Amino acid sequence: MEGNSGGNDVELLCKTLQVEHKLFYFDLKENPRGRYLKISEKTSATRSTIIVPVSGISWFLDLFNYYVNSDEQDVFSKELQLDTKVFYFDIGENKRGRFLKVSEASVSRNRSTIIVPSGSARDEGWAAFRNILAEINEASRLFILPNQQSSEPSERLVGLSDDVGAGFISGHSTQSAPPPDLNERSVDLPPQDEIGNLGVSKVIRADQKRFFFDLGSNNRGHFLRISEVAGADRSSIILPLSGLKQFHEMVGHFVEITKDRIEGMIGANVRTVEPPQR
């Protein structure tokens, strides 16, 4: 998926971000082996780059949301496995302030690390980094190369955004679109102090599938869209909020009666790294 800067790489989108004394370059690219996001950190003396498969952009977005929205004392190091790569997310602090160190380890290239300062106030550096990831994540679903037919099923997964007030990001589907009179829109959320850390989109991963939970509304009322994505296939159900409590109770019922079977099963590919004992 990742490639050398050769002639086969097509540049789809570029973004630049300055956080304190550092510049970060975001380059969404595509070559015959697939699509990827190159993130480079540049200072006056050094330059470092990590390569994120396109399937990992939403995971990066989710993790940056975690670090932006969590209290300082509640954050932990994380490990994210994507195909043959492992990305390590570690919080640190120096005389300039807090920072997030993101390292990429793989069998095909040496370990590489970028360091993102939290910013001067309310983790504004991490939030700005997160916002660019959200833009790229949404844009990555829209690009079709000239040699691709628009009728082909999309292999791009729907995005994820926990940015309160951003609304859900609707995805591509092989099914027919809903009737236009539904007039779907993102939910107008209450003020931040009334909803705490509530997000309007969440994602979980089970085996080779992802399940996206998107809160939305149309002229019939509020609903929760639950989408199953496996490869290029996507299907969704729409659950009115009036049935959400019953849905929760029914899922809880099946969790209870199958808990002996599901204990020990492998969950999502993001795990928390316990801090060392002092």
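Tutor: Two ground rules before we start: residues are numbered from 1 along each chain as its sequence is written, and side-chain values use heavy atoms, with hydrogens and water left out. In this predicted model, local features need pLDDT of at least 70 and side-chain atom pairs count only at pLDDT 80 or more, while totals for chains, interfaces and linings use all residues.

Student: How many helices and strands does the protein have?
Tutor: Helices (H or I, at least four residues) and strands (E, at least two) are DSSP runs, numbered from the N terminus. On that basis the protein has four helices and 14 strands.

Student: What percentage of the residues count as buried?
Tutor: Buried means under 20% relative accessible area, exposed over 50%, and partly exposed in between, with a 1.4 Å probe and protein chains only. The protein has 278 residues, and the buried share of them is 40%.

Student: Among contacts between residues at least 6 apart in sequence, what share join residues at least 24 apart?
Tutor: A contact here means heavy atoms within 4.5 Å. Among the contacts between residues at least 6 apart, the share that joins residues at least 24 apart is 48%.

Student: Which residue in the turn of the β1 and β2 hairpin has a positive phi?
Tutor: Strands pair if DSSP finds at least two bridges between them. β1 and β2 run antiparallel, joined by nine bridges, and Thr 16 stands opposite Tyr 25 in β2. Two residues lie between the strands of this hairpin, and the one with a positive phi, about 55°, is Glu 20.

Student: Which residue takes a positive phi in the hairpin of β5 and β6?
Tutor: Strand β5 (residues 77–82) is largely enclosed by the rest of the structure, because five of its six residues are buried. β5 pairs with strand β6 (residues 85–94) in the antiparallel sense over five bridges, and Lys 78 has Phe 89 in β6 as its bridge partner. This hairpin has two residues between the strands, and the positive phi, near 55°, belongs to Asp 83.

Student: Are Glu 41 and Lys 22 buried or exposed?
Tutor: The side chains of Glu 41 and Lys 22 meet in a salt bridge at 3.0 Å, N to O. That pair links distant parts of the chain, with Glu 41 in strand β3 (residues 34–42) and Lys 22 in strand β2 (residues 22–31), 19 residues apart. As for accessibility, Glu 41 and Lys 22 are both buried.

Student: What is the N to O distance in the salt bridge of Arg 35 and Glu 30?
Tutor: Arg 35 is buried, and so is Glu 30. Their side chains meet in a salt bridge with an N to O distance of 2.7 Å.

Student: Why do the rings of Phe 60 and Phe 87 count as edge-to-face?
Tutor: Rings of Phe, Tyr and Trp (its six-membered ring) pair if their centres lie within 6.5 Å; planes under 30 degrees apart count as stacked, over 60 as edge-to-face and the rest as tilted. The structure holds eight aromatic pairs. The rings of Phe 60 and Phe 87 have centres 5.1 Å apart, and the pair is edge-to-face because their planes stand at 85°.

Student: Which helices hold Tyr 67 and Trp 126?
Tutor: The ring centres of Tyr 67 and Trp 126 are 6.4 Å apart and their planes are at 70°, so this pair is edge-to-face. Tyr 67 is buried at a relative accessible area of 1%, and Trp 126 is buried at 0%. The pair ties together parts 59 residues apart in sequence, since the helices holding Tyr 67 and Trp 126 are α1 and α2.

Notes:
Salt bridge = Lys/Arg side-chain N within 4 Å of Asp/Glu carboxyl O.
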